[in-house]
Structure formats: structure tokens, C-alpha cells
Amino acid sequence: DKNGLQFETADKNFKFKIGGRIHTDYTHSSNDHFFRGGVPVQANDGAELRRGRLEFAGTFFKDWDFKSQVDFADNQVGVKDMFISYRGLDFAKINVGHQKQAFSRELQESSNDLMFMERSLMNVLNAPLVDRAIGVNLSSRGKNWTGQVGLFGESIDANNDSLDESWGTNSRITFAPLDEKTRIVHLGVAGNYRRPSGSGQLFGPSNGVRFRHETSHITNLFPIDSGALGNVEDVKMLGLEASGVYGPLSAGGEYTHSWIGRRNGLDSLSFHGWYGEAAWTLTGESRQYKEGKFHRVEPTRNFSFSKGGWGAWELAARIAGVDLNDGAFRAGEMKNFTAALNWYVNSNLRFMFNYDRILEIKDSPLVTASGGKPDDLNTFMFRSQIAF
Amino acid sequence: DKNGLQFETADKNFKFKIGGRIHTDYTHSSNDHFFRGGVPVQANDGAELRRGRLEFAGTFFKDWDFKSQVDFADNQVGVKDMFISYRGLDFAKINVGHQKQAFSRELQESSNDLMFMERSLMNVLNAPLVDRAIGVNLSSRGKNWTGQVGLFGESIDANNDSLDESWGTNSRITFAPLDEKTRIVHLGVAGNYRRPSGSGQLFGPSNGVRFRHETSHITNLFPIDSGALGNVEDVKMLGLEASGVYGPLSAGGEYTHSWIGRRNGLDSLSFHGWYGEAAWTLTGESRQYKEGKFHRVEPTRNFSFSKGGWGAWELAARIAGVDLNDGAFRAGEMKNFTAALNWYVNSNLRFMFNYDRILEIKDSPLVTASGGKPDDLNTFMFRSQIAF
Amino acid sequence: DKNGLQFETADKNFKFKIGGRIHTDYTHSSNDHFFRGGVPVQANDGAELRRGRLEFAGTFFKDWDFKSQVDFADNQVGVKDMFISYRGLDFAKINVGHQKQAFSRELQESSNDLMFMERSLMNVLNAPLVDRAIGVNLSSRGKNWTGQVGLFGESIDANNDSLDESWGTNSRITFAPLDEKTRIVHLGVAGNYRRPSGSGQLFGPSNGVRFRHETSHITNLFPIDSGALGNVEDVKMLGLEASGVYGPLSAGGEYTHSWIGRRNGLDSLSFHGWYGEAAWTLTGESRQYKEGKFHRVEPTRNFSFSKGGWGAWELAARIAGVDLNDGAFRAGEMKNFTAALNWYVNSNLRFMFNYDRILEIKDSPLVTASGGKPDDLNTFMFRSQIAF
């Protein structure tokens with residue numbers, strides 16, 4: 001059915017699901033001729049397969065679940081969720097394997113459900129440190145709250161090093177004082193602590209950690225870029241979340257603060273990022289909320305020429321910022337604006353149109369031909385999405 | 001069933017199919033000791049997994065199809081078809097995503113259906129420019145015609161460049177004045193126009209475009225090879241097709257002409273390629289034809305020791321040529337001959353035996369020990385194929 | 001059901017199975033600070049996805065099977081089994097494609113069934129030469145024996161060379177004079193002969209052949225290491241096997257001897273490896289035996305809080321050795337001890353705890369800070385496994 005290919009035994013002790021997603025994007029940029037270190041650069045225009053994933057999940061002997069999901073975009077293997085869950089305890093579910101860490105609603109939500117084509121500027125701080133990793137996660141939930149705590153090593157790439165891996169621990173707690181079908185208030189708080197590996201890697205195969213923003217996944221244009229930040233002693237992160245839904249309207253935001261302790265007498269660094277977003281479903285549907293995460297709009301009437309339905313249409317806007325400047329350390333500061341028009345054809349198909357503009361930028365590595373700031377850049381994006 | 005694993009809901013609004021193919025090849029070459037630029041080279045003999053693919057396709061809400069197919073040969077990811085289709089319009093089907101471009105019957109036919117183990121010498125011109133790409137394709141068809149028109153970016157590999165991608169547009173129209181089960185006449189015409197990326201790439205991650213012929217997929221031996229051809233302004237291509245089936249006999253051919261406009265005062269180049277093929281099904285079956293493409297023979301009686309059937313047996317021969325010489329530009333000219341014996345065990349299994357010989361060659365980068373042409377080379381190939 | 005997702009047509013002529021496995025490991029080492037060639041090295045501690053595989057297998061027209069299995073660990077494609085089988089002959093089954101060669105019970109057994117997390121020190125000699133390859137295998141079996149003979153090229157990686165591939169032929173015969181449910185005697189003998197490629201590769205993309213032992217799959221620490229061994233004329237190998245099961249007890253072992261003929265006047269080399277293992281299933285189950293291979297314990301009562309079962313618990317110990325020294329050639333000699341505690345939750349889930357210690361080592365490339373042998377190293381390993 002619409003959730004992909006699903007099977008279960010008569011006693012429901014064994015279940016299987018085969019699913020997938022295809023996201024095909026096109027990006028065009030204007031006012032995009034810059035110089036970086038004297039070298040001319042511009043935003044790459046073109047089409048790409050943003051995500052092409054297969055998923056296989058199931059249940060064994062009622063209490064044991066597995067999920068496996070692999071991405072093939074760019075002709076490379078990207079192992080996504082790949083873990084075992086035990087659901088036999090009353091108070092918690094235990095996941096072992098490769099999975100998302102416990103931090104940030106935006107990061108934890110599926111790319112199939114995001115309101116905008118790409119996550120916000122705040123994610124510049126999150127993606128390099130709290131994305132999927134191999135480890136153990138305990139999660140629990142009540143009628144209107146969820147809680148998670150996890151202990152994680154690194155991501156999936158082969159560790160060719162002979163020094164110990166980095167590790168991190170994190171926790172996210174959400175609370176929904178109001179949780180009705182069309183009226184929702186969501187609050188959340190999360191923390192993360194991570195220590196580097198013996199050879200100074202913080203998460204992936206590269207040394208140190210790098211914070212930067214690409215204007216879309218295909219442009220290869222980075223208006224802010226910290227470069228590889230080495231000599232890291234540890235990273236502490238705090239995340240705050242608040243969102244609300246009122247009928248077809250929704251609004252919300254998140255805030256992340258990172259403290260980076262450094263070795264060899266270097267000053268510690270303090271960065272932060274945030275976003276605020278608002279959406280209006282023109283066709284009246286409410287965004288869906290479940291266990292501390294929002295899900296995409298399900299159209300009341302699917303699009304169909306013969307039956308006359310138009311699916312669901314959603315308008316959304318977002319303002320976001322990230323500040324990588326701290327004292328004498330100047331990796332850049334930036335705010336941007338994103339507008340979106342999303343067409344939910346049915347529960348499996350979605351077409352997205354995004355427009356993105358820089359509102360304010362400081363200490364960018366990019367300059368215009370006349371030495372000015374890269375703040376007139378326009379980025380237009382289109383996505384066709386199927387997910388099940 | 002024989003078409004793989006298939007499911008559909010009772011109302012037929014949702015359908016799923018899981019399929020795949022395994023092609024295992026063995027190649028042996030004789031008279032294959034040559035020199036290239038003074039360095040001794042020979043054809044690599046051995047076994048390889050030519051194709052190992054998984055496929056997952058389906059239909060959502062009746063009008064929306066998806067297809068995803070990934071190849072794992074050589075332990076590398078090769079995303080093949082990965083697109084969404086909309087079939088809700090009367091006059092056309094729209095595909096968005098990674099798919100074959102609209103050019104050449106030989107290129108558009110599935111590798112499961114080709115009469116020979118590898119495509120012809122003509123494909124030297126087509127493969128680098130009109131194979132699968134990310135884009136939009138509109139296709140339409142009537143009782144005895146098909147038409148397609150497409151707009152495409154590049155292939156699936158990650159674009160690490162910061163200049164705009166290359167793009168192309170193409171169209172293929174086929175007409176079948178006679179279309180009966182055992183008597184078919186097929187005609188076709190196609191055109192392609194492509195412009196390079198900002199950094200001079202025409203299709204893939206390498207600069208320019210390279211036309212060359214490998215004697216089989218495993219040999220690493222290239223009797224003609226243009227090297228990377230840069231300074232390209234645009235490429236225009238024309239393709240012509242004609243084929244006929246009369247009972248167990250079939251014959252046909254294609255012709256491709258390429259005009260390559262060049263920059264910086266360089267002369268434009270004009271190349272062409274062609275092939276003619278003929279086949280005889282010893283066991284009497286006719287080749288199958290559908291929507292402008294031929295499909296492999298379905299045996300009347302499957303092979304079975306116990307039931308006494310022998311499957312279908314097919315003899316085929318092909319002559320093909322490609323000319324990469326134009327005026328002072330001498331990238332080589334070549335004709336070859338291929339003979340095939342194909343055993344269709346049943347609708348899923350096929351064993352193929354191919355013999356390949358160079359008929360004539362000019363301006364090859366390869367020379368024999370005595371300085372002669374590499375025209376005594378013999379290539380023997382065997383394939384075991386399962387497809388569903 | 002517990003064997004994954006399975007389907008068959010009513011007449012059983014067509015069958016399909018979708019399966020997979022997820023192995024997530026954690027390794028910690030102590031006393032692991034060494035020097036190699038003056039450079040400090042240590043065992044990498046951390047978590048990894050050891051195996052993440054999808055499998056798709058089936059039957060067409062009753063007599064023809066296919067199996068395809070791909071691994072995605074380390075974000076790389078690893079094609080495992082990918083072959084066609086013909087079962088229509090009375091006396092033998094024929095496999096064509098990528099599959100395990102006919103040598104060694106330990107190597108032929110699935111990683112889902114191994115008693116210990118990693119294969120023994122003996123496998124240092126086997127893994128580089130008799131693991132999966134592309135070729136043809138004939139297998140036959142009677143009431144209490146199995147026999148295989150195979151002819152193989154190289155493994156799956158792309159051959160970028162222009163010289164002929166290496167090849168090998170091998171055979172394994174097993175005999176079970178006693179084969180009851182709880183009392184088994186297994187005997188086996190195997191031989192392998194392999195010749196290098198035109199450019200001196202013996203199996204994979206690298207030149208020559210390299211024998212070395214990693215203390216676990218993640219540590220990047222190699223207590224013995226022959227380096228790349230070139231100038232190989234041919235390799236001959238002999239394998240011997242013996243095992244027995246008596247109720248919950250089992251014991252067994254294997255021995256491999258390799259003779260490496262060398263070119264250019266170099267002396268031939270003679271290496272050998274072996275292991276002996278014993279296991280006791282605390283909960284009483286017997287190990288399972290089928291067609292010359294052992295399979296993992298199936299618990300009599302699955303683990304369940306609500307129903308009070310505890311699954312199956314198994315204690316096991318292994319001593320193993322490999323000797324890469326021959327006359328003046330000193331690539332090292334080593335013995336180690338492995339203890340295991342395995343918890344079989346149900347037929348799909350298993351948790352494994354391993355402890356590994358070096359018993360004796362000579363001519364290691366590793367030395368301690370004081371110049372001593374690396375024989376105090378402790379390796380602790382944990383695995384969570386789901387397989388179906």
C-alpha cells in the first residue's frame with residue numbers, strides 16, 4: 001500500500017517492510033560570480049539525484065525489530081539507519097547499531113518530512129557532530145513526552161587509523177503540553193558531549209571538525225567555512241526547541257549552542273545557530289506530530305485529473321542564522337531567508353520549490369569582483385520526491 | 001513468477017515489483033600481444049561479474065510509477081534507472097529522474113535483450129553522450145509509433161566542480177508500418193544536441209569527451225581511442241534506424257552521425273558509426289517487438305531434461321564500423337565482425353557465445369611486434385545471464 | 001517468517017527469498033601500545049558495522065536458482081554470493097558466478113554461524129587465496145558425504161590490468177561416518193592450486209599475496225605480517241578437517257598447509273596454520289550439521305521476559321596458530337587463545353562476547369616500548385547480530 005511493500009504473519013510476530021525514496025533536485029543560482037582566495041568560483045547549476053534509497057525493515061519474534069536503509073546517490077554507498085531494536089521492556093526501547101543521535105528535531109526528522117528542501121543554517125553546527133553514528137540508544141515515551149539517551153562512536157566510514165575512536169553521549173527530551181490533531185505545542189531540550197579520537201578526529205575520517213554552509217547540496221559554494229578546526233579537547237552542545245500548530249498554520253524554531261574546548265593553550269570557542277519557521281497549508285490540512293517529531297502533510301484529497309482533487313499546497317518561510325565568530329576567531333556569521341511552495345500530490349509524492357537569499361553575512365571567504373560581500377546571491381531549487 | 005516478485009492491491013492502484021539480473025562473463029583473446037606507445041599491452045583474459053543489479057519498481061495511486069535499479073558489478077555502485085513517472089495524462093507520460101536519453105534503439109534496449117553480448121562499434125559515439133542522465137523525458141505513443149523528447153543534465157556522479165553542469169536535449173521517433181507477431185518493419189530517427197559544462201565537461205566527471213572501443217568489457221584493450229577531446233563548443237548527433245522481422249529471421253541496422261563544434265579556432269569534427277545485424281532462430285521463434293524496442297526471444301518450449309524441451313537457439317551475425325578520422329584529425333577508423341550463438345533456456349536464463357574479429361583498422365594506437373596493424377585479434381566471449 | 005521474507009508459487013516452480021544480516025561490533029584492547037619500525041602504533045578501539053548485507057535469492061522454473069548478496073559495511077560495496085545454480089542433473093549441482101571456493105569448513109561456513117566473532121589464525125593462509133571468486137563449481141552429495149570441485153578466476157574487483165587474470169582450481173570432500181541429531185563425526189580434506197596473473201597478482205588487485213593477522217576487524221593492528229610476497233610461481237594448499245558433536249559438547253579443528261613456489265631463483269616457501277576448538281552449550285542444545293558445514297545453535301526456548309525462556313547459552317574456547325617462518329624467511333609465527341560466550345536469543349538474534357590473547361609470538365613487526373614482544377595484548381570484543 002502507500003507505505004511500501006508490507007507483510008506480516010498471521011500471529012503478527014513477524015513483519016517485513018520494503019520501502020525507498022527518490023529525491024531528484026534541480027538548482028539554479030544567479031548573482032553567483034565570486035572570488036575565493038583570488039580564484040573565481042560560482043555556484044554549480046544543474047540536476048542531481050539528491051537521495052536514492054532502499055529500505056528493508058522488519059520484526060522477529062514480536063519484540064525484535066531491525067531497520068536497514070542504504071543510499072546510492074552520487075554512485076556511492078551511504079549506509080543510513082542500520083540497527084536492531086528490542087521492544088520487550090516496558091520502560092524503554094533499546095537500539096543497537098547505526099542510527100541518528102539524540103539531538104535536534106530538525107536533524108531527527110526524516111528528509112521526507114522536512115518543510116524545506118535542506119535543513120537550516122543551524123544545521124551547520126549539528127551535521128558534523130550529531131548526525132548518525134554507531135552506538136546504543138535508549139528511548140522512552142509517555143502520553144505527551146519522549147526521552148532518549150545515547151552513547152555513540154563514530155559514523156560508518158572505515159577507520160583506517162590505529163588510534164582509538166572518538167565518542168559522544170547525548171540526550172533529547174520533548175514535551176507536548178497540548179497534543180491534539182489540529183492544535184499542538186511542542187517543547188524540547190537536548191545536550192551533547194563529544195571527545196575526539198586519539199588522532200584528533202571528532203566524527204568522520206577527517207581531522208578535527210569543519211563547520212560550513214553550502215547554498216544547496218549541488219552548488220559547491222560555501223559562503224561561510226571554518227576550515228578544519230583542530231586541537232579540540234571536547235565539544236559541548238545545548239539545543240532548545242519550540243513549535244506550535246493551529247489548524248493549517250504552524251510556527252516554530254530551534255536554537256543550538258556549541259562550546260568547543262581546545263588544547264595547546266588555545267582559547268575555547270563558542271558558536272550558536274538558530275532558525276524560525278512558519279507555514280500555512282492553503283488547502284487546510286494540519287502538519288502531523290508524533291513522538292516529538294513533525295511529519296509531512298497528508299492531503300485530504302489526493303491530486304487526480306479524473307476525480308478533481310488538487311492534493312495539499314503549503315506555503316512556508318524560514319529565517320535562520322549561524323555565528324562562527326568568537327573574539328579573534330572569525331569563521332563567519334550569516335543569516336538567510338528561505339521561502340517554500342510545497343505540493344503534496346498524495347501521501348507518497350511531493351514537489352517542492354525553494355527560494356533562498358542571504359540576508360546578512362560577515363567574514364565570508366567569498367568576495368564579489370568589486371570586493372563586496374556575497375549577499376546578492378539568489379538560489380532557486382526544485383525537487384521531485386517519492387517516498388514510501 | 002518469471003517476471004520476478006510482483007504484488008498488487010486488489011484495486012490495482014498500488015503495485016510493486018522486485019527484480020534483478022546477474023551477468024557473468026568469461027573472455028579469452030588470441031593474437032593479442034601489441035605495443036602502445038612502445039609499452040607492451042595485451043587483452044586481459046578472465047572472468048568478471050559484468051552486471052549484478054537489483055531492481056525495485058512500483059505504482060502509487062494508479063497514475064504514479066517509480067523505478068529504481070542499482071548495479072553492484074566491480075564492487076562499485078552504479079545507479080541505473082531511478083525515476084518517477086506520471087501516467088495521468090492522455091497524450092504523454094512524463095519521467096523525472098535518472099533514465100536513458102532519447103537516442104538509438106541499441107542504447108535504449110535492455111542489456112538483457114541485446115542480440116550480442118556488447119553493443120556495436122557505433123556505440124563508441126553514443127555511450128559517452130546519450131546514455132542515462134538526470135532530467136525530464138516526455139513520451140507518447142500510438143498504435144504503430146512512439147515519440148520521446150527529453151531535457152537532461154549530466155549523469156549521476158557527484159559534481160565536485162563549481163561551474164555549471166553540461167546539458168543536452170534529444171528526441172527519438174519510431175514508426176512501425178508493419179507490426180504483426182511474426183512480421184515487423186521498424187523505422188526510427190533521433191537527434192541529440194549537447195553543450196559542455198562551464199569547465200568543459202560534456203557528460204561525466206572527466207574533461208571533454210573520449211571516444212574509444214574496448215574489445216570486450218574485461219580486456220582493457222582499445223584498438224581505437226580518441227583520447228580526451230577538449231575545446232568542445234557543442235555536439236550535434238543524428239541517428240537512423242531500420243529493422244525487420246520475418247518469422248524466425250530478423251535483420252536491421254542503425255547509423256549515427258556526430259558533428260562536434262570546437263572552440264579556440266579549432267576545426268569542427270565529423271564522425272560516424274553504423275552496424276548491420278541478422279539473426280535466425282533455429283527453433284522457430286520470432287524476436288519480440290514493443291514500443292520501438294526489440295526484446296529477447298521467448299522459447300516456445302523451455303529447456304528441461306525431464307520434459308524434453310530444448311529452449312530456443314539463435315544464430316546471429318553483425319558487421320559494424322566507426323570512423324573517428326576527419327581531415328588531419330586521426331583518432332582511428334575500424335570495422336569488425338561478430339558472430340553469436342544464443343541459447344534461451346527459458347524466459348529468465350540465457351547463455352551466450354560470441355566471437356569477434358577486426359575486419360579493417362586504420363590509425364590504431366596499437367601495433368604488433370613487427371609494427372603491423374592489430375587486425376588478427378580474436379576475441380571469444382561467454383556469458384551466463386539470469387534476468388527477471 | 002524467521003528465515004526472512006519468502007514466497008513461492010502454488011506449483012513451487014518459482015520461489016523468492018529476501019534476507020539480510022546486521023553485525024554491529026565493539027572492540028576494546030589493553031596493553032596495546034607498540035612500535036612498528038620506530039613508529040608508535042596501538043589497537044584502534046571503537047564501534048563498527050562489521051557486516052550490513054542484503055540478500056535476494058530465488059528459483060525459476062524449478063531447476064534454476066540464483067543467489068545475490070551485497071555487503072554495505074564501511075560504506076563500500078562488497079558483492080558476496082552472486083551466482084546461478086542448475087539443479088536439473090541427478091549427480092551434481094552446477095554454480096556459475098561469484099561464490100566461495102571449495103576449501104576449509106571455517107571459510108565456507110557463514111559468518112552468521114561461526115562459533116567465534118572472527119575466523120582463526122589459520123585463516124591468515126586461506127583468506128587471501130580461497131575466499132569468494134568468479135568461476136564454476138560442481139557439487140555433489142550422498143547420505144553422509146559431500147564433494148565439490150571448482151575452477152575460478154579472481155575476486156570481484158575491477159581488473160584494470162591488461163594482462164591475463166590469475167586462476168585457481170580446488171576441491172573439498174567431507175565424510176560423516178556418524179551423522180545423528182546429537183552425535184556427529186565430521187572429516188574433511190581439501191586441496192587448492194593457484195597460478196598468478198600475467199602481472200603477478202594472485203587473487204586481488206594488489207601485487208603478489210600478503211599474509212597477516214589483524215587482532216580484530218577494527219583494530220588495524222597486525223602482530224604478524226608477511227608484507228607483499230612477490231615472484232610467486234604457484235601456490236599449492238592442503239586442508240584437513242575433523243570435528244565431533246556429542247550432545248551439548250562439540251570439538252574440532254582444521255589444518256592448512258601452503259607451499260609457495262617462487263620465480264627468479266628464490267627458494268620455495270612452506271607455511272602452515274591450524275586451530276582446535278571446543279564448545280559447551282549450557283542450555284543443552286546440540287550444534288547443527290548439514291552437508292559438511294556446522295550451523296549456529298537453535299535455542300530450544302527463545303528468550304522472552306513474558307514467557308520465561310532464556311534462549312541458548314554457549315561457552316567456547318579455541319587455540320590456533322600460524323607459522324609464516326621458513327628457513328631464512330621470517331614473516332612471523334604466532335599462537336593465540338580465544339574464549340567466547342554466545343547468547344542465542346532466538347533463531348535470528350545472537351549476542352557474542354569474545355576475549356583474545358596472544359600465547360606465543362616470534363618475529364613480530366611490533367615491539368613494546370622496552371623492546372619486548374607484543375604478547376601481553378588483550379582484546380575484548382562484543383557483537384550484536386541479526387540474521388535471516
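Which ring does the charged end of Arg318(A) sit over? Select Arg318(A) and Phe116(A): the charged end of the arginine lies over the Phe116(A) ring, 4.4 Å from its centre. A charge sits over a ring if NZ of Lys or CZ of Arg is within 6 Å of the ring centre and within 35 degrees of the ring normal. Now hop to chain C, where the charged end of Arg318(C) sits over the ring of Phe116(C), 4.3 Å from its centre.

Before going on, keep in mind that this is a predicted model, where local features need pLDDT of at least 70, side-chain atom pairs count only at pLDDT 80 or more, and totals for chains, interfaces and linings use all residues. Residues count from 1 along each chain as written, chains are lettered from A and ligands numbered from 1 in written order, and side-chain values use heavy atoms, without hydrogens and water.

Now for the rings. Over all chains, 81 aromatic pairs turn up (Phe, Tyr or six-membered Trp ring centres within 6.5 Å; planes under 30 degrees apart are stacked, over 60 edge-to-face, the rest tilted). Pick Tyr289(C) and Phe294(C): their centres are 4.9 Å apart and their planes at 50 degrees, so the pair is tilted.

Last stop: one aromatic cluster whose members include Trp64(A), Tyr86(A), Phe303(C) and Trp343(C).
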